[in-house]
Amino acid sequence: MPRPHGFTYELAGSDVVIAHHGRRAATLRGAAAARFLADVERRDPQELMARATGQYKHGNERTAKNHPRNRRA
C-alpha cells in the first residue's frame, strides 16, 4: 500500500485544520486537537492525518488484498 501523502495541517486558534491536496478534509477541536498535536511530533504526520480524516484503508480492506481471490497470479 502506498504511503499517505499530500496532507498539511495548520492551527486556527485552538483548532487544527487538516487539508488534503489543498482542500479542507477535517477540523479537530478540543481534546482531539490536543491529542493530534502531541502525536504529530512522535509519529508519521502523513499517516496520522490520513487516519484523522478517514482517508486511510480500513483493516478489512488492508487484509482483503491477501485473500486468495484478490492475489495476482
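This briefing describes the sheet, the helices, the core and some individual residues of the structure above. The model is predicted. Three strands form an open sheet in the order β1-β2-β3, and helix α2 lies across β1, β2 and β3. The buried residues of helix α1 pack against these strands, β1, β2 and β3, and against α2. The largest nonpolar core has 10 residues.

**The sheet**

- The pairing of the three strands, in the order β1-β2-β3, is antiparallel.
- The edge strands are β1 and β3, each of which pairs on one side only.
- On average, and with direction ignored, neighbouring strands of this sheet are turned by 25 degrees against each other.
- Strands of a sheet pair through backbone hydrogen bonds, in either a parallel or an antiparallel manner.
- Between β2 and β3 the antiparallel pairing extends over five bridges.
- Valine 16 has leucine 28, in β3, as its bridge partner.

**Helix α1**

- Helix α1 comprises residues 30-40, and its buried residues are Ala33, Phe36, Asp39 and Val40.
- Seen down the axis of α1, these buried residues fall within an arc of 135 degrees, so they line one face of the helix.
- On the other side of α1, Ala31 and Arg35 are exposed.
- The elements against which the buried residues of α1 pack are β1 (7-12), β2 (15-20), β3 (23-28) and α2 (45-53).

**Helix α2 and threonine 53**

- Helix α2 runs at about 75 degrees to β1 while lying across β1, β2 and β3.
- Threonine 53 lies in helix α2 and has a relative accessible area of 15%.
- Threonine 53 counts as buried because this value is under 20%.
- Leaving aside neighbours within four places in sequence, threonine 53 is in contact with Phe7, Ile18, Ala25 and Ala26.

**The nonpolar core**

- The members of the largest nonpolar core are Phe7, Val16, Ile18, Leu28, Ala33, Phe36, Val40, Leu48, Met49 and Ala50.
- At least two residues of this core are supplied by each of β2, α1 and α2.
- Leucine 28, one of the core residues, touches Asp15, Val16, Ile18, Ala33, Phe36 and Ala52, not counting residues up to four places away in sequence.
- Leucine 28 is also the bridge partner of valine 16, and both residues belong to the largest nonpolar core.

**The aromatic pair**

- The structure holds one aromatic pair.
- Tyrosine 9 and phenylalanine 36 form this pair, with 5.2 Å centre to centre and 85 degrees between the planes.
- The pair is edge-to-face because the angle between the planes is over 60 degrees.
- The pair links distant parts of the chain, with tyrosine 9 in strand β1 and phenylalanine 36 in helix α1, 27 residues apart.
- Tyrosine 9 is partly exposed, at a relative accessible area of 33%, whereas phenylalanine 36 counts as buried, at 3% relative accessibility.
- Phenylalanine 36 is also one of the residues of the largest nonpolar core and one of those touched by leucine 28.

**Alanine 12**

- With a relative accessible area of 40%, alanine 12 is partly exposed.
- Alanine 12 and threonine 27 are 15 residues apart along the chain, and their C-alpha atoms are separated by 9.3 Å.

Definitions and conventions: Residues are numbered from 1 along each chain as its sequence is written. This is a predicted model: local features need pLDDT of at least 70, side-chain atom pairs count only at pLDDT 80 or more; totals for chains, interfaces and linings use all residues. Side-chain values use heavy atoms; hydrogens and water are left out. Buried means under 20% relative accessible area, exposed over 50%, partly exposed in between (1.4 Å probe, protein chains only). Helices (H or I, at least four residues) and strands (E, at least two) are DSSP runs, numbered from the N terminus. The arc is that of the directions from the helix axis to the C-beta atoms. Contact means heavy atoms within 4.5 Å. A nonpolar core is a set of buried Ala, Val, Leu, Ile, Met, Phe, Trp, Tyr and Cys residues joined through side-chain atoms within 4.5 Å. Rings of Phe, Tyr and Trp (its six-membered ring) pair if their centres lie within 6.5 Å; planes under 30 degrees apart count as stacked, over 60 as edge-to-face and the rest as tilted. Two strands pair if DSSP finds at least two bridges between them. Axes are lines fitted to C-alpha atoms, for helices over the stretch in contact, and angles run from 0 to 180 degrees between N-to-C directions.
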